[in-house]
Amino acid sequence: STQSTGSSGINAEYGDDFLAHTPSVTRCTTLEEVADILCKQGFKMFLGIVPEIKNWTAAKDEFSLVITENPLAEYVELPPNCQDTLWYSNIICGVIRGALEMVQMDVKCSFVGDTLRGNDSTEIRIKFVKILEDSLPAGED
């Protein structure tokens, strides 16, 4: 969706900002390490929360982030005609994808539950797709 994609420039800015302010972060070798840094440092830095990491697949290539109190959804009430179609905080998925692309990780990221839709918590599902190859933009050598 357009909302989750947001602006690639904004997504890159969050990634740049995170890397600039966390020089102690080293290259991750597993998705579990990525999830841990994403939650304990990334979400804490930008949203002031630490989601819970849950529901790992047996292959350890997919997991959920569970947010009990989403600061982006405070004081928000969805109109009835948007209850089943709008993921209000979907910009978070775009930022996660953009930030991980900066460190050569391609992931799928989507909401599977939201307190604004009546769920007990907000749940974001993240699935590792592949490691991205370094490449120059078209036309640059």
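In which sense do strand 2 (residues 62–67) and strand 4 (residues 122–131) pair, and over how many bridges?

Author: Strand 2 and strand 4 pair in the antiparallel sense, over six bridges. Two strands count as paired if DSSP finds at least two bridges between them. Helices (H or I, at least four residues) and strands (E, at least two) are DSSP runs, numbered from the N terminus.

First, some ground rules. This is a predicted model, where local features need pLDDT of at least 70 and side-chain atom pairs count only at pLDDT 80 or more, while totals for chains, interfaces and linings use all residues. Residues are numbered from 1 along each chain as its sequence is written, and side-chain values use heavy atoms, with hydrogens and water left out.

Now look along your pair of strands. Ile67 stands opposite Thr122 of strand 4. Leu65 has Ile124 as its bridge partner in strand 4. In a regular strand, side chains alternate between the two faces of the sheet.

Next, Ser64, which is found in strand 2. Ser64 is buried, at a relative accessible area of 0%. The cut-offs are these: buried is under 20% relative accessible area, exposed is over 50%, and partly exposed is in between (1.4 Å probe, protein chains only). The side chain of Ser64 makes a polar contact of 2.5 Å with the side chain of Glu123. Another polar contact, of 2.7 Å, joins the side chains of Ser64 and Arg125. A polar contact is a pair of N or O atoms within 3.5 Å; within protein, one must be able to donate a hydrogen and the other to accept it, and residues adjacent in sequence count only if both atoms are side-chain atoms.

Which residues does Ser64 touch, leaving aside its neighbours within four places in sequence? They are Glu52, Ile53, Lys54, Asn55, Glu123, Ile124 and Arg125. Contact here means heavy atoms within 4.5 Å.

Four strands form an open sheet in the order 1-2-4-3, with antiparallel pairing. Strand 1 (52–54) and strand 3 (105–113) are the edge strands, and each pairs on one side only. From one strand to the next, the twist averages 30°. Helix 3 (residues 31–47) packs on this sheet and touches strand 1, strand 2, strand 3 and strand 4. The direction of helix 3 makes about 20° with that of strand 2. Axes are lines fitted to C-alpha atoms, for helices over the stretch in contact, and angles run from 0 to 180 degrees between N-to-C directions.

Strand 4 has another pairing as well. Strand 3 and strand 4 pair in the antiparallel sense over eight bridges. There, Ser110 has Arg125 of strand 4 as its bridge partner.

Asn55 sits in the loop between strand 1 and strand 2. Lys60 has its place in the loop between strand 1 and strand 2 too. Most residues other than glycine have a negative phi. Yet Asn55 has a positive phi near 55°, and Lys60 has a positive phi of about 60°. Asn55 is partly exposed at 44% relative accessibility. Lys60 is partly exposed at 37%.

Then there is helix 4. This helix lies across strand 2, strand 3 and strand 4, running at about 165° to strand 3. Helix 4 (residues 91–102) has twelve residues. From first C-alpha to last, helix 4 reaches 17 Å, close to the 16 Å expected at 1.5 Å a residue. The expected span is 1.5 Å times one less than the number of residues. The buried residues of helix 4 are Ile92, Cys93, Gly94, Val95, Ile96, Arg97, Gly98 and Leu100. Met102 lies in helix 4 and is partly exposed, at 27%. Just after helix 4, Gln104 takes a positive phi of about 65°.

Last, the cysteines. Cys93 is buried at 0%, and Cys109 is buried at 9%. A disulfide is a pair of cysteine sulfur atoms within 2.5 Å. Across the whole structure, the search finds zero disulfides.
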